[in-house]
Amino acid sequence: MTEATLSITDPSEILTLFGPRDQHLRKLRRLFDVSITQRNGQVLIAGEETGVQRATRTLEKLRHLSRKQGELSAGDVNKAAMEEGAIIEGKVESGPIGEEIQIQHAGRRIKPRTRGQATYVDAIRAHDLTFATGPAGCGKTYLAVAMAVEALRSGSIRKIVLVRPAVEAGESLGFLPGDLRAKLNPYLRPLMDALGEMVDYNQARSLMEEDVIEVIPLAYMRGRTLNDAFIILDEAQNTTVAQMKMFLTRMGEHSKMVVSGDATQLDLPRGVTSGLHDAIRRLSNIDAIGIVALQASDIVRHKLVQQIVAAYDGDDFSGDNSRKGN
């Protein structure tokens, strides 16, 4: 059993949020299979962890919307709930999912392919700092890199910085052949692969030589302040709390950050708290920060990947990489 609390002290806001005769409240309870109660300005959401998280984020979205427009319709509630993975009357809403990301690459068009991905892209557009969690293949890295390229093309930023922690997934960095650059290359390769699909090879190499695009391990971020930059931290579940604090405080003026990771693929030593998990817990109440939880339904790789993820999630998998952050 998991619980979450929202502080809403304005009685009129409670009435708007819960709807006439609590119809919005009853719908959210049913959609997310949670208990939602209110007392003394506190809204308590209780139930299974995933349902509580989704219901809490939905209520937060609806609260912001009600403040903006003064009322909530049943359609507003349905839309907010579906963005968090709820199924309305047995099917997901049809229609366009999201706007195309303007990377200006001939022959390459990129846009969100699921509701969750559309929510993720919208969060990046709306916030200077966005956290995204989700399983392998749901587009966390790919879409973030696409948004960075769009920002660079539009002139809203002057530099892209792609960052990854150099944490070993069962293999030792010291035993890899070559110099330090060669040793680090496998860790940074996924970011380069995503970038390579959006920027021509010669152009990417030129931009890297000019320091417009920088691909670096997390440790190299210490002591820096990045202005007018789009900064992406990939595999953030493998940061420590101290590393995450160091990274987040690198943000300078007119910059955006995207922090993504998969809590089920933790490669930190046993007992070490994941910086990603800790940061989301600490910062979840800051309205200016976007937090998106992608699901297995957002996986857009080979159709077998969804089934593979479901098979591991549905069993007590005891492999070393299955440990979740504390």
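The structure is a predicted model, in which local features need pLDDT of at least 70 and side-chain atom pairs count only at pLDDT 80 or more, while totals for chains, interfaces and linings use all residues. Residues are numbered from 1 along each chain as its sequence is written, and side-chain values use heavy atoms, with hydrogens and water left out.

The chain holds 11 helices and 11 strands, taken as DSSP runs (H or I of at least four residues for helices, E of at least two for strands) and numbered from the N terminus. Of its 326 residues, 46% count as buried, that is, under 20% relative accessible area, with exposed meaning over 50% and partly exposed in between (1.4 Å probe, protein chains only). The accessible surface comes to about 17,400 Å², and 49% of this belongs to carbon and sulfur atoms; areas come from the Shrake-Rupley method with a 1.4 Å probe.

Helix α3 spans residues 49-69 and has 21 residues. From first C-alpha to last, α3 reaches 30 Å, close to the 30 Å expected at 1.5 Å times one less than its number of residues. Its buried residues include Val52, Arg54, Leu59, Glu60 and Arg63.

Tyrosine 312 lies in helix α11 (residues 303-313) and is partly exposed, its relative accessible area being 46%.
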